[in-house]
Amino acid sequence: MIKTTLRLAFVCMAMLLVSFSFGQEVQIELGPDEIGLNETFTIKVTLSNDKIKSYDQFPEIQGFQKQGISQSSSMNIINGQMSSSNSIIQYYKPSRKGQFTLGNFSIQINGESYSSPGKRITVTDATSSQNPGGNVFDPFAEFFGRPAEEPEFIELDDDAFFSVSVDKEEVFAGEGFTVNIAFYMSEQNQAPFTWHEPGKQLDTILKKIKPTNAWEENFNITNIEPSVVDINGKKWNKYKVYEATFFPFSEGNIEIPRVPWEMIKYRVAKNPSFFGANRQEDFKTFFSTSKTIKVKPLPPHPLKNEVAVGIYQLRENISTLEAETGEGVNYNFGISGVGNINSIAAPKRLPGANLNTFDPNVRQQINRGYGRVSGIKEFNYFITLNEAGDYQLRDYFYWIYFDPIRAVYDTLRPEAKIIVSGESKINQALSGQRLGGIYDRIGTESNQFSNEQYKYYFTAAINLLLLGAVVLLAVLIIRKK
């Protein structure tokens with residue numbers, strides 16, 4: 001009994017798999033072998049009993065130009081069994097007469113690849129009649145008493161534009177300017193659009209517009225989401241595809257050229273039908289306007305090539321304001337504001353007695369948003385004080401920067417004051433350091449020159465060597481004569 005049940009289940013599964021394989025049939029139909037110069041060639045892909053959710057780009061044909069894509073669907077009920085099909089048709093318009101070859105090609109439908117052997121196409125003189133729409137028709141037109149006719153597609157006026165914008169057209173060297181790349185559609189726009197390879201287009205655009213002599217802080221946009229903006233009292237949907245702030249290294253002009261952006265724009269059927277193709281895929285290219293950013297040099301200053309440029313404030317933090325001599329104090333010199341946080345260098349250290357520091361620990365945080373780059377960079381110092389007194393930290397630390405809004409150099413100085421009490425630890429601090437080597441023997445060794453007792457013998461030996469050299473030279477001269 002169990003074997004019979006398993007056998008029946010296996011047969012049912014096999015029948016389901018066979019029916020599924022027949023139900024998912026994909027056909028690729030190519031247009032005629034010969035067309036007139038005023039006719040169109042088509043590639044039609046039909047998928048049975050399923051929707052076309054995704055498809056690859058159709059092949060290019062030498063001597064032809066793509067004219068858009070249309071979609072159609074149909075349904076049949078025979079003996080109570082319903083079947084359906086969905087089709088995509090790519091139209092090609094010949095550019096000249098002659099013979100052309102459509103090579104073998106593959107196209108992906110819903111993630112699966114299907115191939116076609118291609119064919120040879122002959123383009124002749126223009127004919128008196130043409131069929132520009134291909135075999136796209138309403139399958140129920142004759143059933144309802146209407147003659148079957150090809151749909152007429154019209155292009156709707158669009159209210160959209162593409163923009164590469166900057167927030168500043170004049171900056172100082174080191175000052176940031178933000179670049180926005182976005183596609184805009186007004187809220188009243190009726191023309192249907194969709195994206196066409198936005199990632200690939202953006203890569204091409206960035207190669208043209210990115211300045212080479214600037215530091216980039218990318219805002220890393222991963223999803224294209226609309227936001228409503230107001231431009232001259234009119235509401236627009238803004239689709240931002242890229243945003244970054246650039247900090248130029250030197251003065252000069254930065255040129256951002258005019259770049260294209262291609263969108264898929266659909267033509268809609270003038271008389272839409274229930275099952276016919278109600279829109280046709282086409283392309284429209286938008287162009288941005290060119291931009292020039294003037295980068296001005298910084299005013300003269302001894303640290304002109306070292307200072308950071310931006311709007312900054314000092315945020316300091318100290319572990320204690322009262323300490324004993326020899327006790328360590330943690331002091332944090334934090335620089336926060338708007339600018340290139342990466343370029344912030346450590347504050348300058350003024351020389352001063354009795355206050356010792358080590359190289360600081362550094363921590364930074366960068367925020368990218370609202371069209372600007374901001375953040376904080378902290379320098380954490382460990383300070384030791386070996387003599388009692390009042391220590392104004394402004395006498396030991398300072399940091400110079402250039403403010404582009406006021407166009408002046410400014411200095412950030414600490415306000416903290418440390419009050420130190422207790423006995424002097426200077427000698428203790430010195431004795432606590434083992435210098436080693438010769439310094440350990442200073443107290444036990446004599447302060448007389450160690451070679452004083454050998455001075456006489458050394459001088460006599462040198463004189464004897466000199467006398468021997470003179471005698472040897474005289475003997476050689478006599479023998480030669």
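Predicted model: local features only at pLDDT ≥ 70, side-chain atom pairs only at ≥ 80, totals over all residues.
## Confidence

Mean pLDDT for the protein is 82, and 79% of the residues reach at least 70. Two stretches stay under 50. Residues 1-23 are one of them, with two contacts beyond four places in sequence. Residues 140-145 also stay under 50, and the model gives this stretch six such contacts.

## Two loop asparagines

N340 lies in the loop between β24 (328-339) and β25 (348-349). Its relative accessibility is 8%, under the 20% cut-off, so N340 counts as buried. Beyond its neighbours within four places in sequence, N340 contacts W215, E217, F247, V309 and Y312.

N38 sits in the loop between β2 (34-36) and β3 (41-48). With a relative accessible area of 23%, N38 is partly exposed. Its C-alpha atom is 9.3 Å from that of S95, a residue 57 positions away along the chain.

## Aromatic pairs

The whole structure contains 21 aromatic pairs. F161 belongs to strand β11 (residues 160-166) and W236 to strand β17 (residues 234-248), so the pair links parts of the chain 75 residues apart. F161 is partly exposed at 29% relative accessibility, whereas W236 is buried at 8%.

F402 and Y409 are also edge-to-face, because their planes stand at 65 degrees, with centres 5.0 Å apart. F402 is buried, at 0% relative accessibility. Ring pairs also join F162, F183, F193, W195, Y239, W261 and F286 into a cluster.

## Arginines over rings

The charged end of R258 sits over the ring of F287, 4.1 Å from the ring centre. R349 lies over the face of F397, at 5.7 Å from the centre of that ring.

Technical notes. Residues numbered from 1 in each chain as written. Heavy atoms only, no water. pLDDT = per-residue confidence, 0-100. Contact = heavy atoms within 4.5 Å. Helix = DSSP H or I, 4+ residues; strand = E, 2+ residues; numbered from the N terminus. Buried < 20%, exposed > 50% of the residue type's maximum accessible area, 1.4 Å probe, protein only. Phe/Tyr/Trp six-rings, centres within 6.5 Å; stacked < 30°, edge-to-face > 60°. Lys NZ or Arg CZ within 6 Å of the ring centre and 35° of its normal.
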